[in-house]
Amino acid sequence: MSAPQSLTPPPSSRVPAGRLRSIRVKAAWVPVLAAVVILVGMLIAAQLYFGRFITPRIVSSLFVDNAYLIVLAAGMTFVILSGGIDLSVGAVMAFTGMLCAKLLVSGVPTLVVVPTVIVAGALFGLIIGVMVHFFNVQPFIASLAGMFLARGLSFVVSLQAIQVKDPVILGLQSVKLGTYEWYLTPTVTIALLVIVVAAWILGYTRFGRTVYAIGGNENSTRLMGLPVARAKVLVYVISGISAAIAGLVFTSYTAAGYSLNGIGTELDAIAAVVIGGTLLTGGSGYAIGSLIGVLVYGVIKVSITFLGAESSWTRITIGGLLLAFVVVQRVIVRRAGRR
Amino acid sequence: MSRILRSRVIWPIAALLALVVLNTISRPTFLSITVRNGELYGSLIDILRNSAPLMLVALGMCLVIATRGIDLSVGAQMAISGAVSLTIIADSPAPNSMGTVAIAILAGVALTLVLGLWNGFLVSVIGIQPIIATLVLMLAGRGIALLITGGFITTITSTPYAVMARGYVVGFPFAFLVSASAVAIVSLLVRRTALGVLTEAVGINPAASRLAGVRSRGIVWSLYGLSGLLAGVAGILYSSNIMAADANNAGINIELDAILAVVLGGTSLAGGKFTLAGTVVGVFIIQTLTSTITFLGVPPSVTPVFKAIVVIIVCLSQSDRVRSGLRRLRPPKPLAIATAIDSTSSTSGSAA
């Protein structure tokens with residue numbers, strides 16, 4: 001799996017000439033813009049077909065129902081940008097949700113539970129990251145082991161679903177900010193905050209730029225003297241943390257922890273990130289794009305419910321869309337390689 | 001030759017034997033095989049029979065991995081082939097006739113062969129990474145299977161179909177005979193023709209093998225097809241065992257078990273050299289492990305924890321860092337002693 005060069009080098013934050021900078025940014029933004037076009041096109045098509053689609057209620061629920069996925073996709077963006085993949089996020093989300101529910105039921109105060117859960121997620125990421133970087137295990141296999149471990153451990157926590165009655169966790173979902181029609185829940189606020197933080201880290205910190213560099217060419221990055229080891233482990237830790245946050249969000253969304261939650265969610269997250277314009281070979285993409293990708297996923301899901309079709313069509317459509325995007329990426333990369 | 005065989009397959013066999021010994025100690029009846037009406041029964045026979053679907057899938061997976069690829073869609077393909085053949089049988093007026101069952105099985109397996117070739121097309125012609133190319137079908141495949149069954153779990157009663165998983169032929173379970181003959185055919189195909197060598201060439205260095213005139217595209221393409229075909233047969237066996245097409249649960253996580261079996265058997269995930277014998281042993285290890293865990297009374301849903309631990313241990317033992325670390329530990333360290341003598345002589349040099 002030789003990683004071909006990405007279409008454009010990620011824009012350096014210190015390119016002096018303003019015009020040059022804007023051109024470069026545009027080239028890397030093309031896939032993201034394509035995702036925006038698809039999203040808008042789907043919204044318009046749905047509006048025309050169903051008559052009443054772009055309503056405040058549906059648009060709000062688009063964010064509310066997919067808040068956990070937005071968080072997961074933000075973390076996944078880091079991993080994919082570095083040229084890796086993290087299959088463990090769905091299972092880690094289930095495990096952290098279980099852990100959260102179990103601790104809350106055992107009477108541990110919420111202020112202790114939330115940090116504990118996030119640390120647990122980070123630990124999973126750390127294990128995977130160390131395996132990937134220091135032992136040269138393929139990201140796919142290392143995160144698979146993490147997925148097994150998290151899924152099995154969540155059953156160790158409890159075989160049955162645990163109901164959550166903690167007012168703070170439930171409040172994340174039930175409190176509605178805004179008007180009756182346009183509303184945000186705290187979970188959505190958290191999700192959007194995660195995206196903003198992710199975008200800031202990726203665009204404006206040394207660590208973020210190192211992640212892009214690693215995705216572009218790991219060897220060059222190492223030769224440049226950038227801290228490859230730290231960044232490579234850290235992307236998996238970040239993915240683990242975001243999986244833990246997603247676990248909290250999902251727990252408040254369903255008001256329960258359950259070990260079978262989030263089976264296949266890792267695939268949804270990967271699909272969302274790729275549809276959002278992040279190159280699977282790493283090195284090019286944006287956190288905002290992943291948000292768009294999740295919204296595309298959400299619109300497909302809602303449309304299929306509206307059509308009254310089998311919910312299995314969601315997966316098929318997402319699979320098809322993922323394929324289309326990957327093929328297009330492949331063509332772009334190949335053309336860039338020829339140049 | 002014997003040395004190569006030893007170094008590669010000896011550890012998996014040792015692990016399998018250790019598991020068998022553990023089982024025999026905890027329940028002495030483990031090794032006993034009884035004969036009733038000319039049919040064999042016993043824990044070992046159960047393991048042989050239950051391992052059949054995994055064996056088929058792992059065989060295909062081993063060859064795909066040898067080309068530096070991976071096939072994540074095998075579980076979904078199992079669900080599809082089961083769904084197709086059971087839907088055909090359920091819709092037919094004569095579910096008990098041999099003809100219906102034969103058509104149903106052929107249709108199911110033919111469809112997964114096509115799906116396997118589709119994977120191969122994406123990987124070898126379009127050039128998408130194998131993980132992603134097969135991920136697409138893994139995502140969409142279960143949806144397709146659900147569409148075929150109409151969202152329900154199709155159940156049937158068909159005597160000839162039930163024979164697949166539960167029947168016996170000349171004393172052995174039919175499913176075991178299917179997997180054994182698949183192993184035999186694939187081994188002959190791979191080791192008695194040039195296919196095996198060419199596959200390894202493609203896996204070791206795709207560019208060099210292409211320059212040497214190996215048609216890597218065709219080889220990779222057909223091996224994904226083979227993987228699909230075998231997954232289809234596995235799906236038939238699975239659905240015959242429960243006599244139902246469960247699109248959501250058929251072959252769930254089997255891709256992970258298959259990859260694990262291949263890796264346990266000593267085939268590196270980096271591609272290249274592969275060993276079918278090791279894969280067979282790996283499958284038996286996993287099946288024995290599963291039945292041991294069930295016997296010990298651990299809830300089956302906790303099984304992934306054990307598998308995760310096995311995966312981590314195996315992967316770490318394959319990594320260069322650990323290997324070189326072990327190598328440094330193992331020999332009598334002439335170099336270390338020399339430096340030690342050096343340092344002592346330099347410190348006590350003045351005294352001497």
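Predicted model: local features only at pLDDT ≥ 70, side-chain atom pairs only at ≥ 80, totals over all residues.
How many residues does the contact take from chain B and from chain A?

**View 1. The contact between chain B and chain A.** The contact takes 34 residues from chain B and 38 residues from chain A. On the chain B side, helix H6 (130–149), helix H14 (303–318) and helix H15 (320–329) each supply at least two residues. H6(B) gives the most, with 11 residues. Sorted by class, the side of chain B that touches chain A has 23 nonpolar, seven polar and four charged residues.

**View 2. Helices H3 and H8 of chain B.** Here the axes of H3(B) (residues 52–66) and H8(B) (residues 174–191) come within 8 Å and cross at roughly 15 degrees. An angle under 35 degrees counts as roughly parallel, so H3(B) is roughly parallel to H8(B). The crossing is left-handed. From H3(B), Ala52(B), Met55(B), Leu56(B) and Leu59(B) make the contact; H8(B) answers with residues including Phe176(B), Ser179(B) and Val186(B). By class, this contact has 10 nonpolar, one polar and no charged residues.

View 3. Find Asp71(B) in the loop between H3 and helix H4 (74–91) of chain B. Asp71(B) is buried, because 33 other C-beta atoms lie within 10 Å and 20 or more are enough to count as buried. Leaving aside neighbours within four places in sequence, Asp71(B) is in contact with several residues, among them Gly60(B), Asn119(B), Thr134(B), Tyr224(B) and Glu255(B). For a sense of scale, Asp71(B) and Glu200(B) are 129 residues apart in sequence and 17 Å apart in space, C-alpha to C-alpha.

Note on methods: Residues numbered from 1 in each chain as written. Chains lettered and ligands numbered in written order. Axes fitted to C-alpha atoms, helices over the stretch in contact; angles between N-to-C directions. Helix = DSSP H or I, 4+ residues; strand = E, 2+ residues; numbered from the N terminus. Parallel < 35°, antiparallel > 145°, perpendicular 65-115°, else oblique. Left-handed = near helix turned anticlockwise from the far one by under 90°. Contact = placed C-beta atoms within 7 Å. Nonpolar A, V, L, I, M, F, W, Y, C, P; charged D, E, K, R; others polar. Buried ≥ 20, exposed ≤ 12 C-beta atoms within 10 Å, placed from the backbone.
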